[in-house]
Amino acid sequence: MNKLKAANLYQSELLPVSGKLVERYNECLKTLGFSPTKLTSFSIDGIGWSPEIAEEKKELLYLNHGEANAHAIIISPLQKGKPVYLPTHTFDRELMKLVFKTYGNKINDITRDSAICLDFDQGIDAFYGPMDVLKYKTINIHFRLINNLNKAQKKQRELIEQFKEGNNFIDETLHEKLLQSANTYGDLRNRDLELPELQYSVSSFYTRAFGGVYVLRDFISDIIVFEDEKWYKEAINDTTHDVLMYHINHDELIEKLRNHLIAECDLDEVVKTPRYDRVKKYELSQQLKETQHSLKEIFESKILYKSYLNKIDINALKKINSVELYLERLEVSNEYKLKDMVDVDLYHALHQPHSSLEPMHQDLIWKLLINVSPKDVLFLYWYDKEQFYKTYETWDDSFKDWVIDTIRNNI
């Protein structure tokens, strides 16, 4: 990952945490029912997740109580707008946007000397089977302050009101209680520490639960797509729900997405795009094992690119150029069939979200499509960074160089 880090493409927007903030973070962990970290410094993302603590605990989703109960921690207003690097759901970023949009000023005030624990409650205590993901309707966001600061405020106000009554201003015991409260918490009288719960309505989404599940609700029919074949096989035995179910590797999935106006692919247009060029170069990289030039050099030189393209096996060459061969022959006769000429994985990789979709749904469908056929390295980085990082480790060093340049040139 050193090359990615040097290019600021690996968790580059994390917020450093040290000193007092570590103490507050640990208080949040304890408040949420987790064990504190022993680290004296670490970094966090927009939701309060830390890669260093995840490594320490050997648990990626250490802010979750099972797959059904996700939490967040806010210890600084600087978390506003920060990426969420390991979301439990695709809507987690939207939850944090809602929180900061609604309570931005209060967060600025509260995090001066406290921290906020968030509970994302969808009304499910635990998952019992994969179809439980259909229960997601509304997320209630509950807030808790560490050290019960809001309760301390209430108590401080009560003491002040008591102080004003009769001759209580000479009560030394009351004086002591007021001083103790002020020394511990400061002057809380005029601070707004109330954070009423927020609600977020869930539509289509992706969740990490059950090995990864896409729930597509806002279309002609409800569709569930499983990444884990074990959970897919269990789900298809549940006949109590009127929903279409697929495993992500099913060829008929893409056809269904097209029929439901969720995805589309216009080959005449897509061959003119940089995305098509990236997919072809990825395909060529899979064929080139030992070369005189680096893959980066080959992909950046038209002469070298054509030279190596003509050195590979003829069947591999036909596969890489299958779209262009199909379009050329289609101009001569309509007898040629796409399914007979175009490589199915290549064809799937060239799909995109339907143009009628809202931006939020487009991002979700891009994530689904890029995982059906992950051949566009740029879009894999944009829409599924975790999978990108895993795949990146398997690539040739020279291919990594080209990938990094490709991403940096498109930022």
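The model is predicted: local features need pLDDT of at least 70, side-chain atom pairs count only at pLDDT 80 or more, and totals for chains, interfaces and linings use all residues. Residues are numbered from 1 along each chain as its sequence is written, and side-chain values use heavy atoms, with hydrogens and water left out.

**Second largest pocket**

- A pocket is an open set of points on a 1 Å grid over the protein atoms alone, with protein on both sides within 12 Å along at least five of seven lines; lining residues have an atom within 4 Å of a point.
- Grid points are joined across faces, edges and corners, and a volume is the space filled by probe spheres set on the points.
- The lining of the second largest pocket holds nine nonpolar, one polar and five charged residues.
- Nonpolar covers Ala, Val, Leu, Ile, Met, Phe, Trp, Tyr, Cys and Pro, charged covers Asp, Glu, Lys and Arg, and the others, Gly among them, are polar.

**Cavities**

- A cavity is a set of points where a 1.4 Å probe fits but cannot get out, and the count comes to two cavities of 30 Å³ or more.
- The largest cavity holds about 80 Å³ of space. Of its 13 lining residues, I47, N64, H71, L86 and T88 are the closest to its centre.
- Nine nonpolar, three polar and one charged residue line the largest cavity.
- The second largest cavity holds about 40 Å³, and its lining includes A68, H89, F120 and Y136.

- Most residues other than glycine have a negative phi.
- Q11 is not a glycine but has a positive phi of about 45 degrees. Q11 sits in the loop between α1 (2-6) and β1 (15-18), and is buried at 17% relative accessibility (buried means under 20% relative accessible area, with a 1.4 Å probe and protein chains only).
- F210, also not a glycine, has a positive phi of about 55 degrees. F210 lies in the loop between β7 (205-207) and β8 (213-216) and is buried, with a relative accessible area of 5%.

Methods
Helices (H or I, at least four residues) and strands (E, at least two) are DSSP runs, numbered from the N terminus. Buried means under 20% relative accessible area, exposed over 50%, partly exposed in between (1.4 Å probe, protein chains only).
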